[in-house]
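Try each task on your own before reading its solution.

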Amino acid sequence: MADISTKPYLLRAIYEWCTDSGFTPYLAVKVDAATTVPMEYVKKGEIILNISYGATSGLKMDNDAITFRARFNGVSRELYIPVHNVLAIYANENGQGMAFDVSTTAAEQPAPAPASAPEPAAAPAPGLSAVPGKNSPEAPSQPDGDNEPPKKGGRPTLTRIK
């Protein structure tokens with residue numbers, strides 16, 4: 001039997017602690033081909049997301065991925081985040097939470113060995129795709145680090161220190 005990762009359980013626990021404590025849970029995510037997020041908000045291959053109840057719709061945190069809908073610049077978007085790509089989950093108000101090492105992303109993971117019994121065909125995980133912005137005909141297909149998300153005064157950021 002394969003070892004079950006503790007990461008999705010820890011993510012759900014910290015999320016629950018944040019909401020029970022009245023804090024706003026945020027996710028730091030490493031973006032790759034297996035991640036579906038608005039590319040215009042990706043900076044240096046990473047994105048920070050507010051996953052509070054008021055900011056998301058249909059939030060589902062299972063053992064493989066985190067999926068939800070969120071509004072960006074007034075437009076509702078579907079997001080798909082492999083659990084393997086989550087860099088950190090933390091409370092925005094005080095920075096308390098947990099960081100994870102993501103040395104290889106979900107897109108770089110080797111395909112699992114086929115099981116001995118055939119399984120029903122499952123829908124493939126969504127791939128990375130550019131989502132057009134409100135005022136632009138097409139968003140960039142690759143994060144280039146030059147795209148600056150709109151600045152809102154005084155919001156803390158998470159810095160990983162190794």
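**Exercise 1: the core**

Which residues touch the most other members in the largest nonpolar core? Find them in this predicted model, then work out which elements supply the core.

Solution. 
- Step 1. The largest nonpolar core holds 26 residues, and Leu 11, Leu 49, Ile 66 and Ile 81 touch the most other members.
- Step 2. At least two residues of this core come from each of α1 (7–20), β1, β2, β4, β5 (75–82) and β6 (86–91).
- Step 3. Another core, of six residues, lies apart from it; Tyr 26, Leu 87, Tyr 90 and Val 102 are among its members.
- Step 4. Now take Leu 49 by itself. Leaving out residues up to four places away in sequence, Leu 49 touches Pro 25, Tyr 26, Leu 27, Val 29, Phe 68, Phe 72, Leu 79 and Ile 81.

**Exercise 2: the chain as a whole**

Describe the order of the elements along the protein chain, then its burial and its contacts.

Solution. 
- Step 1. Count the elements: there are one helix and seven strands.
- Step 2. Read them from the N terminus, and the order is α-β-β-β-β-β-β-β.
- Step 3. Turn to burial: 35% of the 162 residues count as buried.
- Step 4. For the surface, the chain exposes about 10200 Å², with carbon and sulfur atoms supplying 53% of it.
- Step 5. Among contacts with a separation of 6 or more, 59% are between residues 24 or more positions apart.

**Exercise 3: aromatic pairs**

How many aromatic pairs does the structure hold? Classify two of them from their geometry, and say how buried their members are.

Solution. 
- Step 1. The structure holds three aromatic pairs.
- Step 2. Start with Trp 17 and Phe 23, whose ring centres are 5.5 Å apart. Their planes stand at 55°, so this pair is tilted.
- Step 3. For burial the cut-off is under 20%. Tyr 41 has a relative accessible area of 18%, so it is buried. Phe 72, at 11% relative accessibility, also counts as buried.

**Exercise 4: backbone and spatial neighbours**

Where do Lys 44 and Asn 73 lie?

Solution. 
- Step 1. Lys 44 lies in the loop between β1 and β2. Its phi is near 55°, a positive value in a residue other than glycine. With 66% relative accessibility, Lys 44 counts as exposed.
- Step 2. Asn 73 lies in the loop between β4 and β5, and its phi is positive at about 55° although it is not a glycine.
- Step 3. Gly 97 belongs to strand β7 and is partly exposed at 45% relative accessibility. Beyond its neighbours within four places in sequence, Gly 97 contacts Ile 14, Ile 89 and Tyr 90.
- Step 4. Gly 97 and Pro 25 are 72 residues apart along the chain, with their C-alpha atoms separated by 8.8 Å.
- Step 5. Asp 101 is in the segment after β7 (97–99) and is exposed, with a relative accessible area of 57%. Between Asp 101 and Asn 85, 16 residues apart in sequence, the C-alpha to C-alpha distance is 9.1 Å.

**Exercise 5: confidence**

Which pLDDT does the protein chain average? Then examine two stretches where the pLDDT is under 50.

Solution. 
- Step 1. The average pLDDT is 78, and 66% of the residues score at least 70.
- Step 2. Over residues 113–123 the pLDDT stays under 50, and the model has zero contacts beyond four places in sequence for them.
- Step 3. Residues 136–143 also have a pLDDT below 50, yet this stretch has 16 contacts in the model beyond near neighbours in sequence.

Conventions:
Residues numbered from 1 in each chain as written. Predicted model: local features only at pLDDT ≥ 70, side-chain atom pairs only at ≥ 80, totals over all residues. Heavy atoms only, no water. Phe/Tyr/Trp six-rings, centres within 6.5 Å; stacked < 30°, edge-to-face > 60°. Buried < 20%, exposed > 50% of the residue type's maximum accessible area, 1.4 Å probe, protein only. Helix = DSSP H or I, 4+ residues; strand = E, 2+ residues; numbered from the N terminus. Contact = heavy atoms within 4.5 Å. Areas by Shrake-Rupley, 256 points an atom, 1.4 Å probe, with all protein chains shown as cover. Core = buried A, V, L, I, M, F, W, Y, C linked by side-chain atoms within 4.5 Å. pLDDT = per-residue confidence, 0-100.
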